[in-house]
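This briefing is meant for someone meeting the structure for the first time. Please look over the sequence and the model before reading the points that follow.

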Amino acid sequence: MTSREEILAKIKINQPGTRPLPADLTTVPGGMESITQFKTVLSAIGGAIVEVSNFEEIAQYIQQEFKAKKRLISTLPELASVTESGWENKDPHSYEDVDLAIIKAHFGVAENAALWVTEDLMQQRVVPFICQQLAVVVNKADIVATMHDAYSKIGDAEYGFGSFIAGPSKTADIEQSLVLGAHGPKSMTVFLLG
Amino acid sequence: MSTGAKDHAQLSDIFNKDEARVDWHDETLWFVRAKRDKAANSLPEWEALRETASQIKDNVLSNLHDYLLQFEANAEKNGIKVHWAANGEEHNKIVHSILKESGVNRIVKSKSMLTEECHLNDYLHKNDIEVIDTDLGERIVQLAEEPPSHIVLPCIHKKKEEIGDLFHKHLGTPEGASDPVFLTAAARDHLREKFITRKAAITGVNFAIAETGEFVVCTNEGNADMGAHLADVHIACMGIEKIVPLRKHLSVFLRILTRSATGQPITTYSSHFKKPRPGQTMHIVLVDNGRTTQLGREDFRNSLKCIRCAACMNTCPVYRRSGGHSYHTAIAGPIGSILAPNLDMKNYADLPFASTLCGSCSNVCPVKINIHEQLYKWRQVIVKEGYADPKKAMAMKAMDFTLSNPSIYKIAGKAGRWVLKHAPFTVNNKLNLWYKHREMPESPKQSFGEWYKQNNKND
């Protein structure tokens with residue numbers, strides 16, 4: 001018998017009688033309005049929020065705030081004028097010196113300020129993790145209240161890789177002191193569009 | 001970890017030698033527990049979430065056979081290679097053979113308690129494969145040549161000055177530098193070089209979805225993603241109990257996991273790996289290592305619901321004051337004390353006794369495992385199977401004999417009072433474990449039985 005067969009056979013003998021799945025939980029209407037909550041939670045977890053009404057404002061902000069930075073890349077054609085061109089199909093290791101990456105999120109979640117990003121919005125999976133600083137554009141209309149709403153929005157969507165990203169990378173492994181910028185981005189800017 | 005024949009009490013004695021450190025350890029973990037409370041209390045539906053999570057896990061355990069097959073089929077459809085390991089040794093061999101086939105002898109690994117349980121690092125080291133742990137806390141204990149003392153906060157027992165010394169020795173930081181921001185930046189540079197140069201990455205798995213064949217890995221640091229997305233080979237190692245039936249169930253687990261662990265609303269990264277990226281190979285190793293046996297133990301089965309948040313450790317008055325290493329097993333604290341005896345009842349017979357049975361662990365558990373009740377039940381199994389500490393077993397037998405025999409009980413009471421009064425030195429010494437850290441009581445003049453008899457007569 002292979003280990004696979006052995007494990008499965010033992011489970012069959014030892015697993016208890018069928019227990020039903022519980023009913024789905026849904027979002028409990030909370031006190032705080034979603035956009036306000038998203039902004040509050042994002043700043044609490046170390047992210048920065050910039051409210052904009054169009055892509056020109058984003059481009060302007062980037063030129064102003066990140067002008068000292070050398071390597072800026074984006075997956076958004078609307079930001080082509082302020083970012084590097086032709087970066088997309090390289091070895092993932094080559095993005096190690098990216099100062100700022102600007103990507104789009106499908107939606108954000110108010111209760112934890114997480115943004116849902118799938119592979120198609122990253123170009124390369126490593127981009128939102130390897131860059132020194134990350135900026136994410138999300139439509140104001142695409143902020144949902146809780147993770148229950150988030151997964152009903154994702155539904156049975158097809159992707160090779162997807163991630164909820166909430167704030168800059170962080171650690172508190174040394175004496176519980178919170179430090180932003182563990183291995184991934186040291187900062188995260190969210191452009192709330194609309 | 002090899003601790004010889006030392007048990008929890010003896011290992012706690014070592015930790016307890018430095019009282020100031022014990023107080024600091026205790027307070028630091030209580031601070032984490034307080035953050036958990038704040039996060040849990042901020043959600044009016046918290047109890048509904050716990051109940052739902054618990055019921056989903058009940059369903060998983062009752063259908064594990066079919067869910068595993070469904071997961072395997074879907075993962076393979078997604079282009080992931082699935083392996084099965086009956087025990088830790090087989091798991092280590094599978095990982096080693098994948099690395100050998102890929103011609104890789106230096107790898108990065110993000111946090112995986114399963115690989116700790118299987119002693120993968122030791123095994124690979126013996127086979128000339130270098131493993132770099134990339135979680136900051138794990139890297140610190142790796143440099144110190146120690147096992148993690150906590151499943152979420154691996155180096156919670158270490159002071160920043162000690163970490164500074166380690167970094168000075170191994171990473172070349174200036175002597176005496178102990179600022180957490182500075183040390184973290186040094187570790188970032190040190191580990192970036194590893195991420196960039198290693199061709200294979202191992203990660204753990206927080207949840208694996210039967211419906212879709214994808215798996216989710218949660219980190220705050222981004223180290224699992226850095227490793228996996230840069231490597232040609234990604235190996236994810238998981239215990240078979242990590243299965244969740246449907247993708248939408250992740251909403252429940254991701255809402256409770258980090259709130260219970262650190263009080264954060266969610267980890268920075270909750271990454272869903274469904275397919276390897278073009279040119280990459282992705283493997284999943286499904287590991288039993290005693291889990292199917294635990295599934296068959298009705299009283300202990302639901303310990304398999306654990307999502308490894310460590311809330312039970314942070315709240316445990318014994319864990320906080322004895323330190324993770326006193327449990328001499330990969331998973332310390334209350335949950336570890338009900339998981340370990342399943343693997344080796346003799347070696348871990350001490351752990352279910354390392355508890356006050358106060359029940360705080362069960363109260364904070366996000367999947368409602370009756371941890372303290374299982375600790376109590378393990379004690380009975382261990383004594384019955386003859387694995388209890390002989391002194392404890394003898395004392396219990398004497399107690400049983402005395403309490404079940406009224407006249408002996410009376411004589412014993414009298415003798416006890418006489419000894420306390422006339423020969424206190426025979427109990428106030430180091431041989432009497434009850435005397436440790438406490439004074440023996442003053443001897444009462446008479447027992448309640450004698451008092452009742454006397455007063456009843458007077459009426």
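Predicted model: local features only at pLDDT ≥ 70, side-chain atom pairs only at ≥ 80, totals over all residues.

How many bridges join strand β4 of chain A to β7(A), and do the two run parallel or antiparallel? Two bridges join β4(A), which covers residues 107–109, to β7(A), and the two strands run parallel.

- Strands β4(A) and β7(A) belong to an open sheet of eight strands, whose order is β7(A)-β4(A)-β5(A)-β8(A)-β9(B)-β6(B)-β5(B)-β8(B) and whose pairing is mixed.
- The edges of this sheet are formed by β7 (143–144) of chain A and β8 (243–244) of chain B, each of which pairs on one side only.
- Within the pairing of β4(A) with β7(A), Val109(A) stands opposite Val144(A).
- Strand β8 of chain A (residues 161–165) is joined to strand β9 of chain B (residues 269–273) by five bridges, and these two strands run antiparallel.
- In that pairing of β8(A) with β9(B), Ser163(A) has Ser271(B) as its bridge partner.

- Strand β3(A), residues 100–104, is mostly covered, since five of its five residues are buried.
- Burial applies to both faces of β3(A), with Leu100(A), Ile102(A) and Lys104(A) on one side and Ala101(A) and Ile103(A) on the other.
- Strand β2(A), residues 72–74, runs parallel to β3(A) and is joined to it by three bridges, and here Ile73(A) has Ala101(A) as its bridge partner.
- Strand β6(A), residues 133–139, also pairs with β3(A) in the parallel sense, over five bridges, and Ile103(A) stands opposite Val136(A) in β6(A).

**The contact between the chains**

- On the side of chain B, 69 residues are in contact with 58 residues of chain A.
- Helix α3(B), residues 46–62, supplies the largest share of the side of chain B that touches chain A, namely nine residues.
- By class, the residues on that side of chain B divide into 33 nonpolar, 20 polar and 16 charged.

**Helices of chain B**

- Helix α16(B), residues 333–343, and helix α18(B), residues 371–384, have axes that come within 9 Å and cross at roughly 35°, and the crossing is left-handed.
- The residues that make this contact are Pro334(B), Ile335(B), Ser337(B), Ile338(B) and Pro341(B) from α16(B), together with Ile371(B), Gln374(B), Leu375(B), Trp378(B) and Ile382(B) from α18(B).
- Sorted by class, the contact of α16(B) with α18(B) has eight nonpolar residues, two polar ones and no charged ones.
- In helix α1(B), residues 8–16, the residues His8(B), Leu11(B) and Ser12(B) are buried; they lie on the same side of α1(B) because they cover an arc of only 105° around the axis.
- The elements that cover the buried residues of α1(B) include α15 (317–322) of chain B.

**A loop residue of chain B**

- Gly172(B) is placed in the loop between α9 (160–170) and α10 (180–197) of chain B.
- Gly172(B) counts as exposed because it has 9 other C-beta atoms within 10 Å, and the cut-off for an exposed residue is 12 or fewer.
- From C-alpha to C-alpha, Gly172(B) and His65(B) are 51 Å apart in space, while in sequence they are 107 residues apart.

Key
Residues numbered from 1 in each chain as written. Chains lettered and ligands numbered in written order. Pairing = 2+ DSSP bridges. Helix = DSSP H or I, 4+ residues; strand = E, 2+ residues; numbered from the N terminus. Contact = placed C-beta atoms within 7 Å. Nonpolar A, V, L, I, M, F, W, Y, C, P; charged D, E, K, R; others polar. Buried ≥ 20, exposed ≤ 12 C-beta atoms within 10 Å, placed from the backbone. Axes fitted to C-alpha atoms, helices over the stretch in contact; angles between N-to-C directions. Left-handed = near helix turned anticlockwise from the far one by under 90°. Arc of directions from axis to C-beta.
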